[in-house]
Amino acid sequence: MNSTRGAPIFIRLWTTWCPHCRKFEPDWIQLTQTPEVNKSVMFASIECDASRALCKKFEGENYPRLYWYDTESYKVDRYFGERSVSHMTEFIKKQFSPTLLEINNNQTELDVYINRSNSIPAFVLYLSSKIDAETTLKYKETYVNISHLFRRTELPFIVAYDLNETTKPVFGVFAAPDYFIEYSGDFFNMDYVTDFITKRSFSYHTELNGYILKSMELYDYSYLMSIERGNPEPNDSLLRELHNVMPLTTLNCSTQNGYFCKYFGVDKGETERMIGILDWKGKHYWIYRGEMNIESIKNWIKSVSEGKIKGSGPGTGFLSNFKSYYYEYRAGGSANVLINFAYVPLAVVIVLSIFIIMKNDVEEERKHTKKMLEKQKARLEAIEKQKKLEAEQRAKSPVDDLQTKPKAD
């Protein structure tokens, strides 16, 4: 922890056995030494094996986890953004600035945010001075409320005055310096706008990473993937059009860790580019290996969304844990997964044994119940027979009784 007393605290939770923690360590050290932020915020690092009781007070389970602690309001917010030095630096700087930046007729100032949108997308509301004051105020107040919802992110929200050719309000996101995606829905519907922002919270052509996977899990979104092997021909127009349909991330089997390519079973073959859909929360994925034609891919996406095409992956059903061992082994082939996978037959045997025992118990119970019912039936038949006999005796006539009596002497 640094010596800036009374300042907010940026907290890292980690463990010694966590490989992601070891990978993140150099970036964390660099962040704590960054002059732009290290004089205005304290940094705290908590090793959770040694401080389990303290770590349990923070939400979440995975490591490393990052939190922003406001020492004035005593409020803790979890940081879900990308864990790069640039993203975390922008996040910290944003906590000391207004949530909404206003730029008046200064394209150079706006270009600072646009030019870095390859890594951090910039959300911009264009307003014209020709719009009446009441409408301008309505848009600005709504946008302030929206920006407050994303206060604990590194995403910039900007109002740019008189920097667009049209006089009507325009809202959208720069997913790349030359790629602006305009929002076409109702700007005053907070649910629609926040959904648009959340889905577009990473830049165009961003490689699949932990931040995107966490977003899928948190918000239950599915994303497109451009799966690339070797050196596929650039097809920016196709990929951008797909990105307009559904947010698209990149999985490069040549430059990235081959884990996901092996997990999806796309690490081998001749096809240089495929399109995939990943539902990380549902543990399903779909791979399109057909012609790179926008209409064909759109039709495929539609069929997937309508449930007409069955996905691959372990899923979340009863056998999902067993299936996960297979996919994990295919992806990583680690000894631990192999050992765990070796237990699957044993687990199956145990489950089957329990099933057989339960089935035998049920069979014995069925036989016992059948025997009891047969006894009950026999008893009821005996009672009915006795009643019938008694009824027949009562039905005999007095003459018959006299005929059976002995004569008097």
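1. pLDDT is the predictor's confidence in each residue, from 0 to 100. This is a predicted model. The mean pLDDT of the protein is 83, and 80% of the residues reach 70 or more.

2. For residues 397-409, pLDDT stays under 50 and the model has zero contacts beyond four places in sequence. Where pLDDT is low, the predicted coordinates should not be read in detail.

3. The largest nonpolar core has 41 residues. Among those with the most contacts inside it are Phe123, Phe171, Leu242 and Trp300. Helix 10 (residues 294-305) contributes the most to this core: five residues. Domain 2 (100-200) and domain 3 (210-332) both supply residues, so the core lies between them.

4. Beyond four places in sequence, Trp300 contacts Ile275, Gly276, Ile277, Trp286, Ile287, Tyr288 and Ile309. A second, separate core has 24 residues, including Phe202, Tyr211, Leu251 and Met274.

5. Two disulfides are found in the whole structure. Cys48 pairs with Cys55, S to S 2.1 Å. Cys253 pairs with Cys261, S to S 2.0 Å. The pattern is 1-2, 3-4, counting bonded cysteines along the chain.

6. The S-S torsion of Cys48 and Cys55 is about -85 degrees, so that disulfide is left-handed. For Cys253 and Cys261 the torsion is about -100 degrees, so this disulfide is left-handed. Cys253 is buried at 18% relative accessibility, where the cut-off is under 20%. Cys261 is buried at 1%.

Notes: Residues are numbered from 1 along each chain as its sequence is written. This is a predicted model: local features need pLDDT of at least 70, side-chain atom pairs count only at pLDDT 80 or more; totals for chains, interfaces and linings use all residues. Side-chain values use heavy atoms; hydrogens and water are left out. Contact means heavy atoms within 4.5 Å. A nonpolar core is a set of buried Ala, Val, Leu, Ile, Met, Phe, Trp, Tyr and Cys residues joined through side-chain atoms within 4.5 Å. Buried means under 20% relative accessible area, exposed over 50%, partly exposed in between (1.4 Å probe, protein chains only). Helices (H or I, at least four residues) and strands (E, at least two) are DSSP runs, numbered from the N terminus. Domain bounds come from an automatic or database domain assignment. A disulfide is a pair of cysteine sulfur atoms within 2.5 Å.
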